[in-house]
Amino acid sequence: MDLLLNRLRRKSIVRIVLILGISLGFLTGCTVRLAPQHNQALAAGLVEQNKAVMEFFAFYAWGTKAASFPERLPEYNRLIGNFDALALQADARPVPRNKIKTKVNEALQKRGIPVLEEGEIPSATALRKIYETLVKMRDTDQKQGLTLTESQAFKGMVKIYLDQALTYENFLER
């Protein structure tokens, strides 16, 4: 019985020392980077384009007519170009690779939780989706104009992707 208690105490002591060592390592600056570095220029550009695209949607919230499309084309092109540039800028950051990230992804997959592709950056993916949505909106507007419902649907899609991109980039700033 004493032998069993001694073994349990040794195991407990080893666990406590291990936990303290790992905690001390984290507290003293031993960090493991799991995401790309924050980019202030990207974050500022994202905030600026968020405002610009929401103003655009507010201006055409009630729909459009195809006949007046040429008046909107320069604004479409500016927004599409800016979001394409932001996606490229977000995607150009190096993504850290390490064993901890691989183990976390494996654990998530075992639980049926989808993980990102290797090297995929969530904000870059969201920005590409905004770009694609604006291109589709421009093409629809040119072809037939936009109804109120179509305009709201495009705005809703862009808002979801913008929220994802802003949330991820703001998280990286911490």
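In which helix is the place of Thr133? Thr133 sits in helix H5. This is a predicted model, where local features need pLDDT of at least 70, side-chain atom pairs count only at pLDDT 80 or more, and totals for chains, interfaces and linings use all residues. Residues are numbered from 1 along each chain as its sequence is written, and side-chain values use heavy atoms, with hydrogens and water left out.

**Overall fold**
- The chain holds six helices and zero strands; helices (H or I, at least four residues) and strands (E, at least two) are DSSP runs, numbered from the N terminus.
- Read from the N terminus, the elements run α-α-α-α-α-α.
- Of the 174 residues, 30% are buried; buried means under 20% relative accessible area, exposed over 50%, and partly exposed in between (1.4 Å probe, protein chains only).
- Among contacts with a separation of 6 or more, 86% join residues 24 or more positions apart; contact means heavy atoms within 4.5 Å.

**Helix H2 (residues 40-59)**
- The 20 residues of H2 should span 28 Å at 1.5 Å a residue, and the end C-alpha atoms are 29 Å apart, which agrees. The expected span is 1.5 Å times one less than the number of residues.
- Buried residues of H2 include Leu42, Leu46, Gln49, Val53 and Phe56.
- The buried residues of H2 pack against helix H3 (69-91), helix H5 (122-144) and H6.
- At the start of H2, a side-chain oxygen of Asn39 comes within 3.0 Å of the backbone nitrogen of Ala41.

**Helix H3**
- H3 has 23 residues and should span 33 Å at 1.5 Å a residue; its end C-alpha atoms are 32 Å apart, which agrees.
- Among the buried residues of H3 are Phe69, Arg72, Tyr76, Leu79, Phe83 and Leu86.
- Cover for the buried residues of H3 includes H2, H5 and H6.
- An α-helix has 3.6 residues a turn, so residues three or four places apart point the same way.

**Thr133 and Met157**
- Thr133 is buried, because its relative accessible area is 5%.
- A polar atom of the Thr133 side chain lies 2.8 Å from the backbone oxygen of Lys129.
- Leaving aside neighbours within four places in sequence, Thr133 contacts Phe154, Met157, Val158 and Tyr161.
- Met157 belongs to helix H6. Met157 is partly exposed, because its relative accessible area is 37%.
- Met157 and Lys129 are 28 residues apart in sequence, and their C-alpha atoms are 8.7 Å apart in space.

**Glu169**
- Glu169 is in helix H6 (residues 148-173).
- Glu169 counts as buried, because its relative accessibility is 1%.
- Residues up to four places away in sequence aside, Glu169 touches His38, Leu42, Leu46, Arg93 and Ser123.

**Largest pocket**
- The largest pocket has a volume of about 260 Å³.
- There are 18 lining residues, and the closest to the pocket centre are Leu34, Lys101, Asn105, Leu116 and Glu120.
- Helix H4 (residues 99-110) gives the most to this lining, with four residues.
- On a 1 Å grid over the protein atoms alone, a pocket is an open set of points where a 1.4 Å probe fits, with protein on both sides within 12 Å along at least five of seven lines; lining residues have an atom within 4 Å of a point.
- Grid points are joined across faces, edges and corners, and a volume is the space filled by probe spheres set on the points.

Note on methods: A polar contact is a pair of N or O atoms within 3.5 Å; within protein, one must be able to donate a hydrogen and the other to accept it, and residues adjacent in sequence count only if both atoms are side-chain atoms.
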